[in-house]
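Reader: I would like a close look at one part of this model, the charged side-chain pairs. Please keep it brisk.

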Amino acid sequence: MGIWTQASGIAATTPADRNRYVDFLRAVSILFVISGHWLITGAFFDVKTNTFTPVLALEVLPWTVWLTWLFQVMPVFFVVGGYANAVSLEGARDKGAGYAEWLTGRLHRLLTPLLLLVLVWAGISFAMYMLGASPELISYISRTALVPTWFLAIYTMIVLLAPVTYALWRRWGFASLLAYVLLTVLADIAFFQFQWKAPGWSNYLWVWLAMHHLGFAWRDGRLGNPLFLVVFSLGSLLLLMALIFQGPYPIAMAGSPGDGVSNTLPPKVTLIALGLFQFGILLAIEKPMQRWLSGLRAWTCTVVINSMIMTIYLWHMTLLLLLLGVSRLSGGIGLTMQPGTAEWWWTRPVWMAVLSILLIPVALALSPLERTARAKDAPALSAWRLVVGAMMAGLGITLTALLGLTGDPFSVANTGIVALVLGGAWVCGLSVRLS
């Protein structure tokens, strides 16, 4: 049975009380991130000098930093995650399921698709190492492929904390949300005013917990009418512009062009302002979007994308690197246009279309990893084991995204990272199963 037929059957039996817009925003936010990565990342092959140079549009075309205001939609993804976690926590409570049972299901869907990617890149890195590639080159290539995994590390931590943060929301409401914003601001003040860098890294929690908390507010229907949301969104935009033009924050909302301050490494309060701006507009149009999603075709398409959302996200940079490698070995086909020229821009749709075509069979082949249910006879795991395993995997994911792999099997910085991810998954009772 084809995936469209399966999804159509699921779509036709979707309960009337399901918020389809949540699923739609999840799909769209990830597709925007993928499109942004494909647009700004490439290479240039100079046929005269036979040189191959990696290209990041944010660095060679400074004006493209403004595009990050459109393509940086991770705040929306975390809002959607907050809504989804609230729904699942309510469902677990109604069924009498405990924290361990709830967490098992969340980690299974979240981390299982990652394992094959890590194994594949461990193998590729080792092969490059055996062929004599430098550790710096192997690290650069693997880090580029695996950098999308960064969000899994922090999102895993947020999932671990979700029952506690949801309880805080139920008890304190918007005061708990404002507390995360205040902690973000304080970390930024320490970062900029006192040059204390360490507190700034705590914003990986405060910024994304704030956006995740906004999903709780959405679930409870406490975000106001469309007119208020538009006004609030515009106010957030004005705040963001003030932070950029009157404060110490850079324009780029993704990536880190140059050696200056980054809005994402570590996150800054600007990401909260951007997320509030984006989400205010998106939520203002929820009702007409819900009517559109009530159509079977639109909803089936949303179901299909969400059934493979982690797969397409995790593998999209690997396919980009594969295409660059094939082009390089073929004499620089498609890479001979100087970045930023009219010819280069006209070829961007073709470039992204080829990548999309390559991604489709990969998604169809590997997405069963995220759709396969956990084995019914699998032993129940304790909450402590799940938490420890998830933290191990999260640390390994963080190091992978920051450092990449070197391919050296005797290097702790290589094999140790892989062992953390795979060992953490094993502790959580996860494995790679395509059926």
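Is Asp 94 buried or exposed, and what is the relative accessible area of Asp 94?

Author: This is a predicted model, where local features need pLDDT of at least 70, side-chain atom pairs count only at pLDDT 80 or more, and totals for chains, interfaces and linings use all residues. Residues are numbered from 1 along each chain as its sequence is written, and side-chain values use heavy atoms, with hydrogens and water left out.

Asp 94 is exposed, with a relative accessible area of 60%. The cut-offs are these: buried is under 20% relative accessible area, exposed is over 50%, and partly exposed lies in between (1.4 Å probe, protein chains only). Asp 94 pairs with Arg 93 in a salt bridge, with 3.6 Å between the closest N and O atoms. A salt bridge here puts a side-chain nitrogen of Lys or Arg within 4 Å of a carboxyl oxygen of Asp or Glu. Arg 93 also counts as exposed, at 55% relative accessibility.

The structure holds six salt bridges. Among them is Glu 90 with Arg 219, whose closest N and O atoms are 2.7 Å apart. This pair links distant parts of the chain, 129 residues apart: Glu 90 sits in helix α5 (residues 74-95), Arg 219 in helix α11 (residues 203-219). Helices are DSSP runs (H or I, at least four residues), numbered from the N terminus. Glu 90 is buried at 13%. Arg 219 is partly exposed at 30%.

Arg 18 bridges to Asp 23, with 2.9 Å between the closest N and O atoms. Arg 18 is partly exposed at 42% relative accessibility, while Asp 23 is buried at 6%.

Key: Helix = DSSP H or I, 4+ residues; strand = E, 2+ residues; numbered from the N terminus.
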